[in-house]
Amino acid sequence: MEKKLIAVVGATGLQGTGVVDALVKEGSFAVRAVTRNPTTYQGKAHEVVQGDLTDLASMTNAFRGAHGVFVVTNFWEGADELAQGTLAVEAAKDAQVQHFIWSTLPNVEKISNGRFTVPQFTGKSAVDEVVKNAGFAHYTFVQPPFYFQNFHGHTAPHQQQDGSIGWTLPIDPTKKVLHMADIHDLGKVVAGAFLHPEKVGNGAYLSLAAEVNSFHDVVEAFRANGKDYTFYQVPAEAFATFFEGAGAVAQLLGYIEAYTYMGPTSEAQVHLANDIATEPFTPLKEWIKTSI
C-alpha cells in the first residue's frame, strides 16, 4: 500500500528539519520537503519541490497529492505571517489536503489585555482562525517553545561587567515560566499528530515543552555540565536601552514572567503534546552535554 504523503514547508529551517527527520524515522509516511531553493536541499526527505509562501501557484503545486502539510512562517525574515499563512491554507484547500498542521504561538496581546506587544507570537496566532474556518477534514496547532538552540543564538551567554560569563536580563530568575525544548523535538509532536488525527485533528493545540524552567534552573543545568555561568536581573526600563531591539526583548520577557511562555492555560496542551509524541523529548542537561 502506497504511503500517504506529508509536505513540510520550511524544510531547511530548524522546525521543518525536525519534522522531516521525525517523519522519516517513524516511517509511516512519504515526506516531501518544500523549500524556495530545492537545488540546495540536503535533508532526509524522500523528495523535494520548490514552493514560496508568497506564490499561490507554487504552493498549490507543492501540496498537490499530499495527505497532510506542516506549515511554518518566519517572522525574522520579514514575513507577513497572516498573508503567508492564509496563502498556505488556500493552497492546501486547492490541493485537497486532508490534515493541515500550523506552527503557531500564543496571542500575547489578548492574553495580557494589551499590556505586552510581541508580534512574533501574535502574528502567528492571527492565522489560527483562518485555519479553523477553512474546512479541513483535520487540522492541528503546534506551538514551539523557547528553543535550547537559542543558547547558541540570541540568548547565548556573554561576558558580564564583573568579568563572568552569563546573562543580564529583565526577568525574575526564580520563576519557572520558560517552556523549553530542543526544537528538533517538535517533529516528534507533528509526526504523532499526523499518526493520530482522531485524537488531535479536531483543532487541538499541542505545546512542546521538555521542561518548564526558571533561569536559575538554566544556570544550574549549565553548571552541571561544567559551565559556571551567572545571571543578573535588571529592570526592563534599563534593559530596553542596552541595544537596538532590546525593548522588544523586554516585552517578550515581561510577558513570559507574567503569563509563562505558552500562556496561563497551557498545561493540558503540554500534556497532550507529550502524549502524542512519537519519542521522548531531550532534557536540557542532555542537550548541553552534546551541543555546547
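Me: What makes the crossing of α9 and α13 right-handed in this predicted model?
Reply: A crossing is right-handed if the near helix is turned clockwise from the far one by less than a right angle. α9 passes α13 in that right-handed sense.

Me: Which residues of α9 and α13 meet?
Reply: From α9 come Val 218, Glu 220, Ala 221 and Phe 222. They meet Leu 284, Lys 285 and Ile 288 of α13. Contact here means heavy atoms within 4.5 Å.

Me: Which elements give two or more residues to the largest nonpolar core?
Reply: The largest nonpolar core has 35 residues. Phe 151, Trp 167, Phe 215 and Ile 256 have the most contacts inside it. Two or more residues come from each of β9 (165-169), β10 (178-181), α9 (215-223), α11 (246-259) and α13 (284-291). α11 gives the most, with seven residues.

Me: How do you know whether Lys 188 is buried or exposed?
Reply: Its relative accessible area is 13%. The cut-off for buried is under 20%. Therefore Lys 188 counts as buried. Lys 188 sits in helix α7 (residues 186-195). Beyond its neighbours within four places in sequence, Lys 188 is in contact with Ala 22, Ile 276, Ala 277, Thr 278, Glu 279, Pro 280, Phe 281 and Thr 282.

Me: How far is Lys 188 from Ser 125?
Reply: Their C-alpha atoms are separated by 22 Å. Along the chain, the two residues are 63 residues apart.

Me: Is Asn 150 buried or exposed, and what makes it so?
Reply: Asn 150 has a relative accessible area of 12%. That is under 20%, so Asn 150 is buried. Asn 150 lies in a loop, between β7 (146-147) and β8 (158-159).

Me: Why does the pair Asn 150 and His 154 count as a polar contact?
Reply: The limit is 3.5 Å between N or O atoms, with one able to donate a hydrogen and the other to accept it. The side chains of Asn 150 and His 154 are joined at 3.4 Å, so the pair qualifies. Leaving aside neighbours within four places in sequence, Asn 150 is also in contact with Thr 155 and Ala 156.

Notes:
Residues are numbered from 1 along each chain as its sequence is written. This is a predicted model: local features need pLDDT of at least 70, side-chain atom pairs count only at pLDDT 80 or more; totals for chains, interfaces and linings use all residues. Side-chain values use heavy atoms; hydrogens and water are left out. Helices (H or I, at least four residues) and strands (E, at least two) are DSSP runs, numbered from the N terminus. Buried means under 20% relative accessible area, exposed over 50%, partly exposed in between (1.4 Å probe, protein chains only). A nonpolar core is a set of buried Ala, Val, Leu, Ile, Met, Phe, Trp, Tyr and Cys residues joined through side-chain atoms within 4.5 Å.
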